[in-house]
Amino acid sequence: MVVVVDTVSATPLRPRHPEKVNRPDAFSPPKPDWIRVRAPNSRGYADTRKIVRENGLVTVCEEAGCPNIGECWDKKHATFMIMGDTCTRACAFCNVKTGMPGALDALEPEHVAEATFKLGLAHIVITSVDRDDLADGGAAHFAQTIGAIRARCPATTIEILTPDFLRKEGALEVVVAAKPDVFNHNLETVPSHYLTVRPGARYFHSIRLLQRVKEIDPTIFTKSGIMVGLGEERHEVLQVMDDLRSADVDFLTIGQYLQPTRKHHAVMRYVPPDEFGGYEKVAYTKGFLMVSASPLTRSSHHAGDDFARLRAARAAKPG
Ligand code: SF4
C-alpha cells in the first residue's frame, strides 16, 4: 500500500488526501498508446511557471496533475484555481489536496488579473476548490475575480468553472450577475456513479444549476463535461447528454479519466479514440453548439479556440 504525500505545495510534507490514506490500493490497466503527452520542458512552460509563482497563484494544471500541462503552458495557457489549494470535498477522481482551507486572500482577484495581463491571455479560465466552509461557497470571491480581470484586461473573455454551491442560497445569482462569458460546471460522471465518484454532490442539483444560469442570463454560454472510463455504460452517457440539453447547455466536453494515484478510483477502461468520435457525433445531433470529445479533452484544454468556435456556432444558428 502506498501513502501519497503532497509534493506539489505542502511544507512540511503531509498526506495530500488524508481521508484516502487507509484505502486499499486500486490498480488501473497500463496506459494505451493513444494517451501520450508532451514533457513539460519548453521555454514557454518555464515563462508561464515564473508568472504563476511570482503572483503567488495556484493552478489546477499542477494541482490536478493535468496531462496537458506541457502543451498548454508552452502556449501560456494556465487555468487558475482560486480560493486556495485545499478542497472541502474528497472526490474519488480528483488530485486536489483535501482538508480545511485557510482564509480567503483578499488580494487574489488583483493577482489573477495581473497574471492574466502578463500572460497576454485573450481568454482566461478560472476555477476553484469547493469551499463548503464559506457561507456563500466563495461566490462573491468569484465575482470579484471576474470584476478585477474585466478592469485590468477589458478585451479578455472570461470562462469560469465553478463548484456546485450546494445549499448556498443566492450564491449562483451573485456569480451570474458578474457576467462571465462562459459558465462551466462539470457533471464529472453519470448519475449512477455519483455515490462512489462524486459523493458530496447531487446530479440533479448540478443539472439545475446549469439550467438556472441560462434562465437568469441567456447570453452566457453554458458548458459541462464528464470523464469516461470510470465504469459507465454508453446509454448512461447518452442520458447525460439529453439531461444537459434539457438544461439548454451549449458545450459538452468528454475526456478519459486518468487515475492520479492508487488511492483514487481505478481506470476501468481506456476508451478508444473512435468511441470518443462516436460520442461527439451523437452529441451534435442532440443539439449542442460545441462538443469536444477525445482521450485528452479537459474542460479548459484549448478553451480560447473553442470559445471562438462557440461564438461562431451561436451566430450561425438559425433563429
Ligand atoms: S488542459 Fe486545462 S488544466 Fe490541463 S494544463 Fe491545460 S489549461 Fe491546465
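**Finding your way around this model**

Visitor: Where is S42 found?
Guide: Helices here are DSSP runs of H or I with at least four residues, strands are E runs of at least two, and both are numbered from the N terminus. On that basis, S42 is found in the segment before α1.

Visitor: What kind of model is this, and which pLDDT do side-chain atom pairs need to count?
Guide: This is a predicted model, with residues numbered from 1 along each chain as its sequence is written, and its side-chain values use heavy atoms, leaving out hydrogens and water. Totals for chains, interfaces and linings use all residues, whereas local features need pLDDT of at least 70, and side-chain atom pairs count only at pLDDT 80 or more.

Visitor: Back to S42, then: how does S42 count by relative accessibility?
Guide: Using a 1.4 Å probe on protein chains only, buried means under 20% relative accessible area, exposed means over 50%, and partly exposed is in between. S42 has 23% relative accessibility, so S42 counts as partly exposed.

Visitor: And how many Å separate the C-alpha atoms of S42 and G70?
Guide: Along the chain, these two are 28 residues apart.

Visitor: Which residues does K20 touch?
Guide: K20 is another residue from the segment before α1 (43–54), and K20 counts as buried because its relative accessibility is 1%. Contact means heavy atoms within 4.5 Å. Not counting residues up to four places away in sequence, K20 touches A90, C91, A92, C94, K263 and H264.

Visitor: Which elements give two or more residues to the shell around the ligand?
Guide: A residue is near a molecule if one of its heavy atoms lies within 4 Å of it. By that rule the ligand is surrounded by V60, C61, C66, N68, I69, C72, H77, T79, R298, S300 and H301. The elements giving two or more of the shell's residues are α2 (60–63) and α3 (69–74).

Visitor: How many charged residues does that shell have?
Guide: Ala, Val, Leu, Ile, Met, Phe, Trp, Tyr, Cys and Pro count as nonpolar, Asp, Glu, Lys and Arg as charged, and the others, Gly among them, as polar. The shell around the ligand has five nonpolar and five polar residues, while the charged count is one.

Visitor: What is the phi of K76?
Guide: K76 is in the loop between α3 and β1 (79–82). K76 counts as partly exposed because its relative accessibility is 25%. Although K76 is not a glycine, its phi is positive, at about 65°.

Visitor: What volume does the largest cavity have?
Guide: On a 1 Å grid over the protein atoms alone, a cavity is a set of points where a 1.4 Å probe fits but cannot get out; a pocket is an open set with protein on both sides within 12 Å along at least five of seven lines, and lining residues have an atom within 4 Å of a point. Points are joined across faces, edges and corners, and a volume is the space filled by probe spheres set on them. There are two cavities of 30 Å³ or more, and the space in the largest cavity is about 40 Å³.

Visitor: Which element gives the most to the lining of the second largest pocket?
Guide: This pocket has a volume of about 200 Å³. Of its 14 lining residues, the closest to the centre are F165, K168, L172, E173 and H205. Two or more residues come from each of α6 (171–177) and α8 (203–216), and the one giving the most, with four residues, is α8.

Visitor: How far apart are F165 and R131, C-alpha to C-alpha?
Guide: F165 is in the loop between β5 (157–161) and α6, and F165 is buried because its relative accessible area is 6%. F165 and R131 both line the largest cavity. They are 34 residues apart in sequence, and their C-alpha distance is 8.3 Å.

Visitor: What type of aromatic pair do F221 and F307 form?
Guide: Rings of Phe, Tyr and Trp (its six-membered ring) pair if their centres lie within 6.5 Å; planes under 30 degrees apart count as stacked, over 60 as edge-to-face and the rest as tilted. The whole structure has five aromatic pairs. The ring centres of F221 and F307 are 5.8 Å apart and their planes are at 90°, so the pair is edge-to-face.
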